[in-house]
Amino acid sequence: MRTSRKKKKKANTNDRISDLPSNVIDGILANLKIRDLVRTSILSKKWRYMWTSAPHLCYDDDFFERFLRLRDPDTVVCKIIMDVLMLRNGPVCKFSIDESGYCGSLFSMENINMWIPFMSKDIKHLELETYCIPEDENKKMPDILFSFLVLVLYGAKSICLKEAKNLIDFTLKAYRTRSLIKSLPKIKKFSLGKLMQQYPYAGIPPNHVIPPYADIPPMLLTSSFSSLEYLKLEDFNFNDKEDILYVVSALKSAPRLIELIIKQRFSKVDTTQVFDLSKELKSLSCCLKLQTVKVYTGDCSQYAMSLIKSILANSPLLKILTFYFCSYHRLDSRMLLKISQDLLMMKRASPGAQVNFLHSAY
């Protein structure tokens, strides 16, 4: 009798993971990649089907790499993803695919259109880092009601987000952008970057010229930025007039913009160009709602300083502006002192605005 009680007690203590609160279990499942998520089915009888109700499905590089050597990897991958969706016992709130480590795609836009209905209308976060976006501009993204979208596209031509009426957070990184977005709903958070890597399968030529942000359709400024509160521009070039003009246009088209982040890619840029921005920057003489501004640059661009000066002079609600200067070589003390003095001397529309200057060398 005593022996059986001890065995029973031991069995209970060995299955402590099943006794965790439901909110803790949900948190564990929500942070697992698809392979580890399905593996939880062998933990115990209670966990056998628990993975089918996990709200997040994440397929990363590790998942795709396991099928690359198969004769027909795309068929196998698509079947597995569909089987997982068919076994679902709850809504999919986040669906993430990252096959950026593979120069190609193991699925197509048709597959995505087929998977979406099985995720239900509860999906809010769709993240795709892939080569699968079609060249045929008549093929559109699925008409789903997500609120968060991350797209990293290689060699993409066009994409339509007209039906994504609830989209409020959009991240896009692509090489070509002129015909990429034909429509975009009103968003609150927009992060935009230029795809810099050289991917031969994506049709990106070697030693290609970095496209300016002006390559983005003007309609995005006039029709989509009225509700924008957060704007992040990566791979920026302060020595490209078109890039700076894009920022100016964005600021004038985003009356609710609170936070602005600009990051210049730390690479060699053409500093021989000389152009006058006084007229364009003067057009910013309006009351910007900016509260937080972060500028990252790797060279002593006079145009970066001019933009900062204009922002400070036209942002009465500004709380903090941080200028990060990161370079491969440490600047001498005289140059650092000059930049600091120039920043301190700039006129500020906000008397309480704090200006920070940070410098680091690789």
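This is a predicted model: local features need pLDDT of at least 70, side-chain atom pairs count only at pLDDT 80 or more; totals for chains, interfaces and linings use all residues.
Why does phenylalanine 63 count as buried? The reason is a relative accessibility of 7%, so phenylalanine 63 falls in the buried class (under 20% relative accessible area, with exposed over 50% and partly exposed in between, using a 1.4 Å probe and protein chains only). Phenylalanine 64 also counts as buried, because its relative accessibility is 2%.

Residues are numbered from 1 along each chain as its sequence is written, and side-chain values use heavy atoms, leaving out hydrogens and water.

Nine aromatic pairs are found in the structure (rings of Phe, Tyr and Trp, the last by its six-membered ring, with centres within 6.5 Å; planes under 30 degrees apart are stacked, over 60 edge-to-face and the rest tilted). Phenylalanine 63 and phenylalanine 64 make an edge-to-face pair, because their ring centres are 5.2 Å apart and their planes stand at 80°. Phenylalanine 323 and phenylalanine 357, by contrast, are stacked, because their planes are at 25° with the centres 5.6 Å apart. This pair ties together parts that are 34 residues apart in sequence, because phenylalanine 323 lies in strand E12 (residues 320–327) and phenylalanine 357 in strand E13 (residues 354–361); strands are DSSP runs of E, at least two residues, numbered from the N terminus.

One aromatic cluster is formed by Tyr59, Phe63, Phe64, Phe67, Phe95 and Trp115.

Charges also meet rings here. Lysine 189 sits over the face of tyrosine 230, 4.6 Å from the ring centre (NZ of Lys or CZ of Arg within 6 Å of the ring centre and within 35 degrees of the ring normal). Lysine 263 is placed over the face of tyrosine 296, at 4.8 Å from the ring centre.

Technical notes: Helices (H or I, at least four residues) and strands (E, at least two) are DSSP runs, numbered from the N terminus.
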